[in-house]
2 protein chains.
Amino acid sequence: MITVAYSSIGDPTGLVEAITLTGAHAVSIEDEETEWDIALIDLRTEPIQQLREAKRVNEDNGCPIIAIITSSQTTLLESEGWVDDFVADPVDTLELRLRFHRLAGQQAEVETQRYKTLELNLATYQATIDGRPIDLTFMEYELLRYFIEHQGRVWSREQLLQKVWGYDYFGGARTVDVHVRRLRSKLGEERASWITTVRSVGYRFG
Amino acid sequence: MITVAYSSIGDPTGLVEAITLTGAHAVSIEDEETEWDIALIDLRTEPIQQLREAKRVNEDNGCPIIAIITSSQTTLLESEGWVDDFVADPVDTLELRLRFHRLAGQQAEVETQRYKTLELNLATYQATIDGRPIDLTFMEYELLRYFIEHQGRVWSREQLLQKVWGYDYFGGARTVDVHVRRLRSKLGEERASWITTVRSVGYRFG
DNA sequence: GCCGGGAATTAACACTCCATTCACATTCGG
DNA sequence: CCGAATGTGAATGGAGTGTTAATTCCCGGC
């Protein structure tokens, strides 16, 4: 059973009904108790405000976001890559149902991230190499996770600060170096080179 | 400009029109000459047959697949995870346009520049010849990249200093020579001549 | 063909800047 | 208040870069 959180400025009963008709369970986005699989936001009224709210939610718990828009609002989403999917008004229940299932399906897989013999268990925040657990601090874990999820390209210190430490973070670039160093040392001698430094550019994983 | 390949059993003119209205370029899926960004398949008629065809295409070149379905066909796609997106009949041009852009946007990952067997991976700052990595320093990479991106014409030392080293850079012209030399030596004996010196003018690549 | 002079190549060196590392300060939870 | 985690500043070492100068190459003139 899929649980969908709804957010709308206007009358929410329409959304609840739409969700329920798809066979999913509807909860308010303000319900802190319940865990949900997807957030459905209604951009038909107050789109800007709603988008901001959705972005916050997405950054908070990383759940997929699906938006309802009117056909004339398509440009709104052009540059909002973090919105995972959308449906156009009027909402077709069967279409919505299918999109719910596709989003929920994608979600379920990503329990764990791997690179060679390194495995990150995203649910338990544990990391193992060759099955042996290595203990990472929070920031080390976050950095490593970002590296693994976006491996194979260079990231500047500034980009890493933004993506891993947060958009509003304003700290020295040395911070990244030091954390990279700690990570390398915990990865062990041979695996330290998994993180390559690209001189005068940044770091690359894999 | 996004290029979309269409596939339908029935009359294809409807698809062509739909694609063209979104501002994209339409080609037949049977056109072997042209490269396309997305494949649009019409499942409204002969869905089983079309799905099979689409799967073949997807496995062949790995491009994103978007399907057109009727609302009653949603169950068709429940288990077809490799179909990247879909729109329901009747097709809304603006919605289709947005979905095209979102799919094409995801695609653009591996930016790369080539010349013969030389390949620059712009994302990872790595260079390979015949698939073997060669390690270049930052300036060597930047210079080579400029050469490849603007191959086939002569550049004076002054121009290169300005374009590669930066507008405000003020250094001796010999600097370029030396970097060209280092590049040539790293390219290897046979490929050293890819950079031609044009006496009393400058250098040309390719 | 042989010079001569300008231009490019090459080698060697000096220096700059960047990554690393260490040591310490600060924050946070218990 | 303690210890762990995280951030910052400063010292160090080294790779990368630029410059100088010696050498070689090219090309026209005689």
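## A buried glutamine in chain A

In this predicted model, A:Gln113 counts as buried, because its relative accessibility is 17% and the cut-off for burial is under 20%. A:Gln113 is placed in strand β6 of chain A, which covers residues 112-115. When its neighbours within four places in sequence are set aside, the residues in contact with A:Gln113 are A:Leu118, A:Glu119, A:Leu120, A:Leu122, A:Ile148 and A:Glu149.

## Chain A as a whole

Chain A contains seven helices and twelve strands, and 47% of its 206 residues count as buried. Among the contacts in chain A with a separation of 6 or more, 52% are accounted for by residues 24 or more positions apart.

## The crossing of α6 and α7

In chain A, helix α6 (residues 157-165) and helix α7 (residues 174-187) have axes that come within 9 Å and cross at roughly 75 degrees. The two helices are therefore roughly perpendicular to each other, since angles of 65 to 115 degrees are classed in that way. On the side of α6(A), the contact is made by A:Arg157, A:Leu160, A:Leu161 and A:Trp165, while α7(A) contributes A:Arg174, A:Thr175, A:Val176, A:Asp177 and A:His179. By residue class, this contact of α6(A) with α7(A) divides into four nonpolar, two polar and three charged residues.

## The surface near DNA strand D

DNA strand D is surrounded by 26 residues, of which the closest are A:Thr137, B:Thr137, B:Thr175, B:His179 and B:Arg182. Of the atoms of DNA strand D that come within 4 Å of the protein, 65% belong to sugar and phosphate. The surface near DNA strand D receives at least two residues from each of four helices, namely α5 (138-149) and α7 of chain A and α5 (138-149) and α7 (174-187) of chain B. The residues of this surface divide into ten nonpolar, ten polar and six charged.

## Polar contacts with DNA strand D

Two residues of chain B are placed against phosphate oxygens of DNA strand D: a polar backbone atom of B:Gly172 is 3.1 Å from one such oxygen, and a polar side-chain atom of B:Thr175 lies 2.7 Å from a phosphate oxygen.

Definitions and conventions. Residues are numbered from 1 along each chain as its sequence is written. Chains are lettered from A and ligands numbered from 1 in the order in which they are written. This is a predicted model: local features need pLDDT of at least 70, side-chain atom pairs count only at pLDDT 80 or more; totals for chains, interfaces and linings use all residues. Side-chain values use heavy atoms; hydrogens and water are left out. Axes are lines fitted to C-alpha atoms, for helices over the stretch in contact, and angles run from 0 to 180 degrees between N-to-C directions. Angles under 35 degrees count as roughly parallel, over 145 as roughly antiparallel, 65 to 115 as roughly perpendicular and the rest as oblique. Contact means heavy atoms within 4.5 Å. Ala, Val, Leu, Ile, Met, Phe, Trp, Tyr, Cys and Pro count as nonpolar, Asp, Glu, Lys and Arg as charged, and the others, Gly among them, as polar. A residue is near a molecule or strand if one of its heavy atoms lies within 4 Å of it. A polar contact is a pair of N or O atoms within 3.5 Å; within protein, one must be able to donate a hydrogen and the other to accept it, and residues adjacent in sequence count only if both atoms are side-chain atoms. Buried means under 20% relative accessible area, exposed over 50%, partly exposed in between (1.4 Å probe, protein chains only).
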